[in-house]
Amino acid sequence: STVCAGTSSVAYSVATVSNATSYVWTVPAGTTIAGGVGTNSITLNYSQSATSGGISVHALNACGDGPSSAVLPVTVNTLPSSAGTVNGTNTVCQGSAGIVYSLSAVTGATSYSWTVPAGATIVSGGTTNNISVDFGMSATSGNITVNGVNNCGPGIASTIAITVNSKPATPTITQNVNILNSNAATGNQWYRDGYLIPGATSQSHTILQDGTYTVIVTLNGCSSDVSNSIIILHTDIASLDIEQVKLYPNPGTGSFWLSVTSPVSTIYDMQVLNALGACVFTAGKLEVNGTFKQYFDLHDLSAGIYSLVLRSATQQIVRKIVINK
């Protein structure tokens, strides 16, 4: 009494009727009698377009038709409808976890069947229309497919192509005087004390402040693990031995003198940076030829550690300033 559309050779029969010479069967729309026409035992083929209905039969002979049998109700179930569009990101990184894919409910589906690319794993929702996928470090590009399923079988599947990008190798950083270098040629982002340094995306980075420095490499939207760390305990680094830079009194309460000695004429720009790297004081075009002295007043600044940076066309000098109040 319950069949699936597309099923063939389903048998039905009725007890032999006395004096019958033939039998006439009535079957649901979209159903054909494949064998046993005119007999009390038939087989039916249900097409994909067959609909639910009733089966009945009556006997006949030369005198006419006998009464019809009771109607046997037949429910014709169909395959689930075609799966719709799969929603979710089509570009992921190796190592990504909990990536969600979903589609609208499929008519006629009692469950769902999903497949994912090699190296990916469905971690939840595997028989529903909403799944969560982890992409392992060995995951490769491929397709995610899904179809609705019921007791008649699977419906037509829907597919989304997934590009799995590799996770960049963990970078290594080294220090050369006041310059940090990454072994990754591109994709670098420098951090100090775990905080992103705006604009610091080159392969090298000039040390301006004390702190713990690391770098993360991002390529094709995928980020590496954090590099090794380099701890800078002081930034009293001069770019050339001939430079003589003095800052006094240091620590101080806000009044400072800067003394720079150089045997050649050099023009410097001077900046004072706070702990976040923001410029809080500036003095430009300091021409040094011999010994140069500059007074500057930082009384308006809060107590703390600051960095004094001198930059010329070819050099950079960094000194730590401590303000006590």
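This is a predicted model: local features need pLDDT of at least 70, side-chain atom pairs count only at pLDDT 80 or more; totals for chains, interfaces and linings use all residues.

User: How many disulfides does the structure hold?

Analyst: The structure holds two. Cys4 pairs with Cys152, with the sulfur atoms 2.0 Å apart. That pair links distant parts of the chain, 148 residues apart. Cys4 sits in strand S1, and Cys152 is in the loop between strand S14 (142-150) and strand S15 (153-154).

User: And what does a disulfide join to Cys222?

Analyst: Cys93, with an S to S distance of 2.1 Å. Again, distant parts of the chain are linked: Cys93 lies in strand S9 and Cys222 in strand S23 (residues 222-223), 129 residues apart.

User: Is the Cys93 and Cys222 disulfide left-handed or right-handed, and why?

Analyst: Left-handed, because the torsion about the S-S bond is about -95 degrees. The link of Cys4 and Cys152 is left-handed too, with -90 degrees about its S-S bond.

User: What is the pairing in sequence order?

Analyst: Number the bonded cysteines along the chain and the pairing is 1-3, 2-4.

User: Is Cys4 buried or exposed, and why?

Analyst: Buried, because its relative accessibility is 16% and the cut-off for buried is under 20%. Cys152 counts as buried as well, at 17%. Cys93 and Cys222 are both buried.

User: What about Cys63: buried or exposed?

Analyst: Cys63 is exposed, with a relative accessible area of 78%. Cys279 is partly exposed, at 40%.

User: New topic. Where is Thr7?

Analyst: Thr7 is in the loop between strand S1 (2-4) and strand S2 (10-13). At 27% relative accessibility, Thr7 is partly exposed.

User: Which backbone oxygen does the Thr7 side chain reach?

Analyst: That of Cys4, at 2.6 Å. Cys4 is the disulfide partner of Cys152. Leaving out residues up to four places away in sequence, Thr7 touches Leu44, Asn45 and Tyr46.

User: Last one, Gln94. Where is it, and is it buried or exposed?

Analyst: Gln94 is in the loop between strand S9 (91-93) and strand S10 (99-102). Gln94 counts as buried, at 15% relative accessibility.

User: Which backbone oxygen lies 3.0 Å from a polar atom of its side chain?

Analyst: The backbone oxygen of Ala139. Beyond residues up to four places away in sequence, Gln94 touches several residues, including Phe135, Met137, Val164 and Lys167.

Key: Residues are numbered from 1 along each chain as its sequence is written. Side-chain values use heavy atoms; hydrogens and water are left out. Helices (H or I, at least four residues) and strands (E, at least two) are DSSP runs, numbered from the N terminus. Buried means under 20% relative accessible area, exposed over 50%, partly exposed in between (1.4 Å probe, protein chains only). Contact means heavy atoms within 4.5 Å. A polar contact is a pair of N or O atoms within 3.5 Å; within protein, one must be able to donate a hydrogen and the other to accept it, and residues adjacent in sequence count only if both atoms are side-chain atoms. A disulfide is a pair of cysteine sulfur atoms within 2.5 Å.
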